[in-house]
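Colleague: Could you walk me through reading a new model, feature by feature? I would like the general idea and then the case at hand.

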Amino acid sequence: MDADGPQALCDLCLAQVCSSLDALCSRRADSTMCLSCAPLFPQEMADQLLRKMATKGLLNDTTVGIFRNCKELRLHRASIRCCPVSAEAFRLALCPHRLQELDASWVSGGLTGANIVSGLASNPECRSSLQRLSLTGLHMDFESLVEDGGARVGFSSLHGLRALNLANTDLTDAVLADICTLPQLESLDISCSAVSKLTALLDCKNTLKSLMAHRVRQLDMSPARLLFVLSQLHALRHLDFSEDHFAVDDSDGRDGQETVRQLLEGSAHVLPSLVSLDISGRKRTTEAAVRAFVEARGGLVFLGLLATGASSCDILTSQKNLKVTGEANENQVCEALWRYRDRECFIREALVHLYNLTTDIDKPRPDMLKLVLSGMQSHPASLHVHLVATACMFNLTTQNLAEAMPVSLLSSTVTQLLYAMTSFPNHQQVQKNCLLALCSDYILQDVPFDKYLAAMLVIKWLRSHEDPTLQRMAVAVISILVAKLSTEEMAQLGKDAFIMKQLLAIVQQKAMVGVVDSTLKFALSALWNLTDEMPTAARNFIECQGLELYEEVLETYYTEPSIQQKVLGLLNNIAEVEVLQADLMEEGLLEHILSLLQDSQVEVGVHYFAGGTLAQLASRPEAWTLGDELRSATLKQLHASIMTWTQLEREIVSYRSLRPFCPLLQTWQPSGVQLWAVWAIHLVCCQNPSHYSSMMEKEGVTELLSALAAHPDTHDDIKGLSDGILRMIEQHQNPSFKNHMEPRNS
C-alpha cells in the first residue's frame, strides 16, 4: 500500500462533484451555474469545495456562480487563488458571505485590490467578520475607489482584519497609512511592494506581531530612522527583512545591510519580543553579528540566514529549539525549501545546495522529494527553479531509491517532470535531467502517469538530439512506454511516421557496424510494440523501408537470438495484417525465415517467431504468391519443427489480444498452421493463465479450440495440446489460482 494511504472519502466526494458540475447544475440567464438541487452543506465542506474547484482549475466566472447560494453553501474561509474571476463575479458570488478569510492571491480576470475591498466592505457583516485577507500579486487600483456615505472606502473599512498580505503589489505609502489604522492588525506582509516609508507602522505598534518586508526595494529611509521605527514596534515577534541576493549587487542595499548590522549588534531592548528574524539574502552579514544576536536573545525560535554566508556560525548548532535556514547542513537547506516555497530566489539557492547534498545519497528521502516538488509547483514558469529541481529529482529517485517512495509522490513527481519538458522544450539541460529521471524501470513500469504524453515528449526530444548516451536512454524509455499504452493511444502514436523513421535510423546505424547493445535492443522492442495489432504503424514501417533493413539485420545478426526474436516478432505483426501479407511475399526473405525454422542450433524462441510469421502467411492460400511447392514445404517443416520444441521457462512474448490466432484455428487450416497457433496459446497460458483464460473466453478462442479438439480430421498432436489448454482453463476457474498482470514485449 502507498505510504501516504488512500485518499480521504471527503476528497473523493468533492472530486466527484467537481467532475460532475455540468450534470449537477442548471444555468442562470447570465450563463452562470447554479446547483439544481443543493443540500445544506456542512460549512467546512463548502470551503473545501471552493478550494477543490480552484486547485483543479475549474473556478471561473461561470462556475463560481454556484456560491451565490449563501444559504446552502456558506463560505467562511474562501480561496480563489490564481483563478480567472472578474470583479462582477466576485461581488455576486463571494461578497454576500460572512467571510472570515479570503485568499485572492494572483487572481486573473481583471479583479483588483480596490474591487475586493469595496466589495467586501459593501457587506456589513464582512466588515467585522473578515480576519485574514491575502491579495498577493494583485493591482491595487485604489484611485478608483468611490466615496461611501462621505467616507472613502479603504482597508480600514474592514476593521476586523488581523492579517493582511499585500506582497508583490503596487502598495503605496498612502494605502499603507490607511492599513495601519486597523485596530486589530497583527500580521502584515508588504514584501516586494512599492512602499518607500514605514513610518505609518507606528500607528499599529501595539498590535503588530508579524512584519514581512522581503525585498522592499523602494524603501527610502536612513538606517537610523528605519531602526527607530522598528524599535517602536513593541509587540513585534516576527520580522522578515530579507533580500533577493540575485537581484542586488554589493553596491546596492547598503542602507538595508547597515540596518541589519545595527539590529544584530544592538541591544536586546530593541524589539524585546522578537523570536523570529529573517535576513536571508543580506550577503554581508557576519558570523560575529549573528553570534551576538543569538547570545542576547534566549527565546529565539527562527533565524533566516540563507545566502548570507553566516549560517555556519558555531553558536547555531548549540541552540536546540532554533530553526535556521541556510546552507551549512541538510536541516538548514530543508528548512529553507519549506519556508521559502513562494520565493523563487531562495528556492533556487536552496535547491543548488540540496543538489550537492544528494549527489551521493544512498537512502530514500521522500521528505526531500516533496520539498523539491513543492518548489517546482510554486514556480511553474521559472527556468532556474526547474533546471536545478529536475537534477535534484534525478538524484532522489535514481537506482533503487524510487522503489521506497510513496507511489502517489512518484506519480506527482513524474507529472511535474513532464510539465518541465513541456514548458522548457528548448532547454537541453532541463530535457536531459527529465530524461535521466524518467529512465527508471520501476517508475516506467509501476508508477501511474500520462504515459502517452511522456512518449510524445521523449519522441519530440529525439527529433533534435543525437547524443549517443541520451539517445540510448530515450529509446529505452520509449520502448517501455509504448508497451504500456492503450490500443487507442498506440494507434494515435503509430500514425506519426517520424518515430518509425527515427527508430529505424538507430537500427540501421547499429547494424552497419554490427553492434549489439541496449540501444539496438530497445529500438527493436519499441518497433515491435508499435506495430502490435496496429496496421497503420505496420504500413508506416514498410513505407519507411523497414522490411529491407530487417532482412539485412536477420543476416547480420545470425548468431544473436535476442536480436532475431525482436525482428521476427515484428514480422509476425505484419504477417497478421492481411492487406500487408503481399509485402512479405519476397522469396529470399521467406527462405531465410524457413532456414531459421529448420536450423537445430537456433533457440526455440527464434523458431517460435519464425514459425509464427510462416504460419500466418501460409494460412491464406489465396495470398500466397510464391508457388505451391514452397508453401507445402513450409507447412510440412512447420509441423515437424514444432514437435521438437521444448516448453519455454522464460517469457518471450505477451499478447494484447488472441484474435490474430482465430483464423489459424479453423478446422480447415493445414495442421502446421493449427499446431503453431495451439502451441503458442499453450505457451502463454502456461506462463500466465489468469491473464489469458478470460481473454480466451471473451474472444471466442475457447470455443474454437473445443471445435478443433472435437473435429475428426484434426491431427492427434493438435488434439492433445488443445485438450491440455482446455483443462488448464477449466482448472483456472478455481478461485485458488492467483491473479497477476502481464508485461508486453520486451
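**Reading the model**

Modeller: Gladly. Let us begin with the largest cavity: its lining has six nonpolar, six polar and three charged residues. Keep in mind that this is a predicted model.

Colleague: How many cavities does a search of the whole structure find, and how much space lies in the largest?

Modeller: The search finds three cavities of 30 Å³ or more. In the largest cavity there is about 100 Å³ of space. It is lined by 15 residues, and those closest to its centre are Trp528, Asn573, Glu576, Val653 and Tyr655.

Colleague: Which helix gives the largest share of that lining?

Modeller: Helix α25, residues 561–575, contributes three residues, the largest share.

Colleague: What does the UniProt annotation say about residues 375–730?

Modeller: An unreviewed UniProt entry annotates them as "domain: Protein zer-1 homolog-like C-terminal". In the model, the chain over residues 375–730 is 71% helix and 0% strand.

Colleague: Now the strands, please. How should I read a sheet?

Modeller: Strands of a sheet pair through backbone hydrogen bonds, and the pairing is either parallel or antiparallel. Here ten strands form an open sheet with parallel pairing, in the order β3-β4-β5-β8-β9-β10-β11-β12-β13-β14. The edge strands, β3 (77–79) and β14 (323–325), each pair on one side only. From one strand to the next, the twist averages 5°.

Colleague: How many bridges join β13 and β14?

Modeller: Three bridges, in the parallel sense, pair β14 with β13, which spans residues 302–304. Glycine 304 stands opposite threonine 325 in β14.

Colleague: And aromatic pairs?

Modeller: A pair of aromatic rings is described by the distance of the centres and the angle of the planes. The whole structure has eleven aromatic pairs. One of them joins phenylalanine 142 and phenylalanine 155, and it is stacked, at 5.1 Å centre to centre with 20° between the planes.

Note on methods
Residues are numbered from 1 along each chain as its sequence is written. This is a predicted model: local features need pLDDT of at least 70, side-chain atom pairs count only at pLDDT 80 or more; totals for chains, interfaces and linings use all residues. Side-chain values use heavy atoms; hydrogens and water are left out. Two strands pair if DSSP finds at least two bridges between them. Helices (H or I, at least four residues) and strands (E, at least two) are DSSP runs, numbered from the N terminus. Axes are lines fitted to C-alpha atoms, for helices over the stretch in contact, and angles run from 0 to 180 degrees between N-to-C directions. UniProt positions are given in the numbering used here, feature names are shortened, and annotations may be inferred rather than shown by experiment. On a 1 Å grid over the protein atoms alone, a cavity is a set of points where a 1.4 Å probe fits but cannot get out, and a pocket is an open set with protein on both sides within 12 Å along at least five of seven lines; lining residues have an atom within 4 Å of a point. Grid points are joined across faces, edges and corners, and a volume is the space filled by probe spheres set on the points. Ala, Val, Leu, Ile, Met, Phe, Trp, Tyr, Cys and Pro count as nonpolar, Asp, Glu, Lys and Arg as charged, and the others, Gly among them, as polar. Rings of Phe, Tyr and Trp (its six-membered ring) pair if their centres lie within 6.5 Å; planes under 30 degrees apart count as stacked, over 60 as edge-to-face and the rest as tilted.
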